[in-house]
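User: I would like to go through the terms used for this structure and see what each rests on. Please set each value against its cut-off.

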Amino acid sequence: MNTGAGRYAWPASARERVSARPSVHPSPRPSPLRGEGVAWDGAWRWIGRRIGLRHVLVLLAVLIYPWVATPFFTFQIGAQALALGLIALSLTFLAGYGGMVSLAQMTVAGIAGYMFAIFATSGTDISLRWPWGLAVVLALVIATVCGTLIGWFSVRTEGIYTIMITLAIGVAFYYLAQQNYSLFNGFQGFQSVMTPAVGGVELRAPIPFYYLSLFWALAGYFFVAYLLRAPFGVALQGTRDNPRRMSALGFNVTAHRVAAYAVAGVIAAVGGVLMVWYNGLVSPGSVGTSWLINILIIAVLGGMRHPIGPFIGAVVFVLLQNFAVDLVGRERFNLLIGAVFLVIVLFSPDGLLGWWAQGRRYLQAQFAPARSGGRREM
Amino acid sequence: MGEERRRSPPIRMSRFWRWFWTLVIGLPAVAFAVWALADNAKLFFSTAMNGLTLAALYFLVASGFTLVFGLMRNVNLAHGSLYLLGAYVGYVIGDKTGSWLLAVAAGFASAALFGLVLQVAVFRFMHGEDMRQTMVTIGLSIMLADILLWIFGGEIYTFDPPRAIFGRTPLPIVEVYPTYRLVLLAMSAAIGVLLWWFLNRTRVGMMIRAGVDDRGMLAASGVDVQFVFAVTFAIGAGLAGFAGVVGGTALSIAPGEDTRYQLASLVVVIVGGMGSVVGAAIGAILIGVAEQFGLAYAPTYSVVFTFVIMALVLAFRPQGILGRRA
């Protein structure tokens, strides 16, 4: 059954997918299909096509950012947006490229946070006070396994059923964390979770934490960008568009989907550990319904057509969260974010990236009519 | 559903496996029941009664959810918010008029009206885009929850039902039981029968059933599908609002209840089978009873029982107990 999932949210047009295909195997040789000039020319074109001026500019901007911004902007806005963006990236990968909208990605991140708090040091006696490196590894492994298991459950269903099941799993984990005192310390959760210090550098200080988050965000971004061009990613997008045909071609659709959940689990787990360091605590509130949905909001807000989307969405979300005070008052933040989400869903299915692409196309049509219909780089 | 499903565990189990799983799940359950009965029969039966009344409440909420889903493929993630909306409106009316029955009617009417407006003004224009509809309901539920919190604050409200149904009733074994919960049980059964009658014996009900089976064919037979959709959405939403007042009387109304009942209706419908009202009843009984037994016998893990039931159903019957393949 080809559910509306693929059709609505991410109708990456056939043209785009076809044009992406020659670069499935990233080799510097020019693609014989295109018959473009000599080898050197092709190599430069390939690099030029991949790394444009805007990439360099963005990279420079995010590297310089903490030196011009106040610690508040570095930590509260920058680092938080990067960590949240990483969690939302896992959802974008699953939903935008695998066609599986999972609301349980924050749960995976939350499990990573909880596991770190349990194994490492916190203000609670339950914490085992093991070395933090070991705790990080255990947290990542356990959260990834949980993410894969969640995927293994939910791939039995498709489209909107996936939303229902992952939401049910996520909310069930929230209630479990809230009820259970022996493992999750109930309503209180884990307060004052200790953030490690490496070589005398306190990782939770604004600038180190910003660069730490930036490193993992960039790693996540390039990992996903690479994976989408790799055979696995292409096959995954195939299962999104037409599972029956992929199955007929001999691909194991279920295995690809579960593997996608595993990959998303790793990304979300890294984001979860960053979030627990950022907050210094993890409690049932961190995995509550509102946060499950906030991750979806971030991903949809940015747009699910490109791995940069969740980071743009996260920046907008964090800015709204911090400055909603001036607009509507702190209490009414949910109303505002709900309204923004509704507007995006109703009027721009591709999120802010969709508006960006529309604007570009409009400008191109205005200033260079001859090039209209040219390649779209989004 | 794709062909790849053929490789998932077989839906038709062989006789051996059916027996195997019946024993694996049934034996511990029977052993537990025997132990619990011998240990404290009163606790066992009162837990069972609590489970059934909770199931009655879950059925009221989930039946509307499953009806809307079955016909329109619309996962209404604002269903819990409709529950809360009905409860609050019912409270205001009940407070003003002093009549509990009017409060129940107001709860039903307000939620039904809201659902009707949603269907006519929003979802009608997104026909077939089920993912987008679901996202819209998510946005709506966030906004609705916040608006209700804005108006009514974080306080806990309780209803004031007529004296006749609010006392205690002597029963064998459990000695006394709140009358209202028995009334709730009866009301839920009545709603179930009414719903069955509506779906099976009236013309609109016939159209709804036909729509669940094949929307396209229903439209092709000259039925005004939009009308059927609007009626179904109004009834489904109204049932949530009705449950809001009725359930708010049994327990209380407070912010956060929307999430609770949203989760309940999701799990009930996943277990019972999406789009099936009878399935919702079965799922509600399973989940309600499991939740109450969990709370009574293993308080810190009670949600695990709910989850295990859901996982088992998904593992062996992904479409739910009475669900049909889409």
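Analyst: Helix α1 (residues 15-72) of chain B packs against helix α9 (residues 257-272) of chain B at an angle of about 65 degrees, with the axes 9 Å apart. This is a predicted model, in which local features need pLDDT of at least 70 and side-chain atom pairs count only at pLDDT 80 or more, while totals for chains, interfaces and linings use all residues. Residues are numbered from 1 along each chain as its sequence is written, and chains are lettered from A and ligands numbered from 1 in the order in which they are written.

User: What makes a run of residues a helix, and what is the angle taken between?

Analyst: Helices are DSSP runs (H or I, at least four residues), numbered from the N terminus. Axes are lines fitted to C-alpha atoms, for helices over the stretch in contact, and angles run from 0 to 180 degrees between N-to-C directions.

User: Which residues of α1(B) and α9(B) meet?

Analyst: Y58(B), V61(B), A62(B), F65(B), T66(B) and F69(B) of α1(B) meet Y261(B), A264(B), S265(B), V268(B) and V269(B) of α9(B); contact requires C-beta atoms, placed from the backbone, within 7 Å. These residues divide into nine nonpolar, two polar and no charged. Ala, Val, Leu, Ile, Met, Phe, Trp, Tyr, Cys and Pro count as nonpolar, Asp, Glu, Lys and Arg as charged, and the others, Gly among them, as polar.

User: Why are α13(A) and α15(A) called oblique to each other?

Analyst: Their axes come within 10 Å and cross at roughly 45 degrees. Angles under 35 degrees count as roughly parallel, over 145 as roughly antiparallel, 65 to 115 as roughly perpendicular and the rest as oblique. The pair is therefore oblique. I297(A), V300(A) and L301(A) in α13(A) meet I337(A), F341(A), I344(A) and V345(A) in α15(A), and this contact divides into seven nonpolar, no polar and no charged residues.

User: How do you know whether M164(A) is buried or exposed?

Analyst: M164(A), in helix α8 (residues 160-179) of chain A, has 24 other C-beta atoms within 10 Å. A residue is buried at 20 or more, exposed at 12 or fewer, and partly exposed in between, so M164(A) is buried. Leaving aside neighbours within four places in sequence, M164(A) is in contact with V75(B), L266(B) and I270(B).

User: How many residues does each chain bring to the contact, and which element of chain A gives the most?

Analyst: Chain A brings 46 residues and chain B brings 42 residues. On the side of chain A that touches chain B, α8(A) gives the most, with 11 residues. That side divides into 30 nonpolar, 12 polar and four charged residues.

Conventions:
Helix = DSSP H or I, 4+ residues; strand = E, 2+ residues; numbered from the N terminus. Contact = placed C-beta atoms within 7 Å.
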